[in-house]
Amino acid sequence: MKNIVFIDSAEKQFKGNIHMHTTRSDGKLLPEKAIGKFRDAGYDFVMVSDHEIYWDIEDGKLKIQSSPIRHAKIIGYDADGFNKCFADGQLFESLEWEINTQMRYFRVELIDENGNKAWLQPVFVEDIL
């Protein structure tokens, strides 16, 4: 049997949590409090993965409500590959985008006023229209 090293102790190690809910869905702490607790416990990163409460599909349009956002990128995947639709500008708190029915699925990336990123999990068009 070979001795295999999975963690190289010569490299910096990061401690993180990649799935956490807050009071914005079914968690028990406000996002700021939950993130603070992980920071205080020595974590390097945390990914808040609240349920899809910030967006809705209505009349074939994706509607997003959020804290102030500087940038939104919508990435749609279709049979021929993928296309990108950008919504850029000053701070905004809502976004409305007409869903292309030819797409198989899409996902959304948001960047807030402090440079923090958030992603919606992929949304399959046939499941929502």
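Me: What makes a charge sit over a ring?
Reply: NZ of Lys or CZ of Arg must be within 6 Å of the ring centre and within 35 degrees of the ring normal. The charged end of K12 is 4.9 Å from the centre of the F14 ring, so it sits over that ring. This is a predicted model: local features need pLDDT of at least 70, side-chain atom pairs count only at pLDDT 80 or more, and totals for chains, interfaces and linings use all residues. Residues are numbered from 1 along each chain as its sequence is written, and side-chain values use heavy atoms, leaving out hydrogens and water.

Me: Why is F38 called buried?
Reply: Buried means under 20% relative accessible area, exposed over 50%, partly exposed in between (1.4 Å probe, protein chains only). F38 has 19%, so F38 is buried.

Me: Why does Y43 count as partly exposed?
Reply: Y43 has a relative accessible area of 25%.

Me: What makes F38 and Y43 an edge-to-face pair?
Reply: Rings of Phe, Tyr and Trp (its six-membered ring) pair if their centres lie within 6.5 Å; planes under 30 degrees apart are stacked, over 60 edge-to-face, the rest tilted. Three aromatic pairs come out of this rule. For F38 and Y43, the centres are 4.8 Å apart and the planes 85 degrees, so the pair is edge-to-face.

Me: Why is the pair of Y105 and F124 called tilted?
Reply: The centres are 5.0 Å apart, so Y105 and F124 pair. Their planes are 45 degrees apart, so the pair is tilted.
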